[in-house]
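Please look at the sequence and the model before reading on.

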Amino acid sequence: RDDIDISVQTPLGATINWANPSDSESKGQLYKPTLYDSKHLESVSFSRDGSAPIGNYTIEVNYIFQSGANPNPWNLAVYVGQEKVMQWETQVGSVSLTWEYKGLDFYIENIEDLESQIPGGCFSGETVVLTEDRGEILMRDLKLGDKVLVSHRHHTAYESVYSFVHKHDDLK
């Protein structure tokens, strides 16, 4: 498996990466890489209240170690709330990309129903969810790969759990 790291430079000049996993000024945080469906997932997240600094973000994808003759492809997506607003698919090799965050108001005006998606991203471990294979279970019993019923823009579907941003088993 290749070792690929992500690094994000904020409009304020801070760099968020494995060596500097958080920035208090921009409220940016690198989350511990996870493995889902044989894929390495790495994410940098900013406050869901829309207070991330407006401006250009430089996103670097760096190959640290390449396991074979050819580097493995990677995908990168930018979400505002739960809406994917930018995606680079099936890229190969190290690269530096720039993306402009225009502020939450821009996305609320341009993406239907986004306002209802912000900020509610955390759930109690006691919350009941409906899974495709195991029926109703408590949120604290979810595992990576479980498919949970989600609703988005008047449609429902089962989607895979691919990461936990934070998990506190002792909180109710």
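## Basis of the model

The model is predicted; local features need pLDDT of at least 70, side-chain atom pairs count only at pLDDT 80 or more, and totals for chains, interfaces and linings use all residues. Residues are numbered from 1 along each chain as its sequence is written, and side-chain values use heavy atoms, with hydrogens and water left out.

## Overall fold

Contacts are heavy atoms within 4.5 Å. Among those between residues at least 6 apart in sequence, 47% join residues at least 24 apart.

## Surface and burial

The accessible surface comes to about 11,100 Å², and 48% of this belongs to carbon and sulfur atoms (Shrake-Rupley method, 1.4 Å probe; for residues, only the protein chains shown count as cover). Of the 172 residues, 29% count as buried (under 20% relative accessible area; exposed is over 50% and partly exposed lies in between, with a 1.4 Å probe and protein chains only).

## The salt bridge

Side chains of opposite charge can pair when their charged atoms come close. The structure holds one salt bridge, defined as a side-chain nitrogen of Lys or Arg within 4 Å of a carboxyl oxygen of Asp or Glu. Asp 146 forms this bridge with Arg 134, and their closest N and O atoms are 2.6 Å apart. The pair links distant parts of the chain, twelve residues apart: Asp 146 is in the loop between β11 (135-138) and β12 (147-152), and Arg 134 is in the loop between β10 (128-131) and β11.

Asp 146 is buried, at a relative accessible area of 14%, whereas Arg 134 is partly exposed, at 37%.

Key
Helix = DSSP H or I, 4+ residues; strand = E, 2+ residues; numbered from the N terminus.
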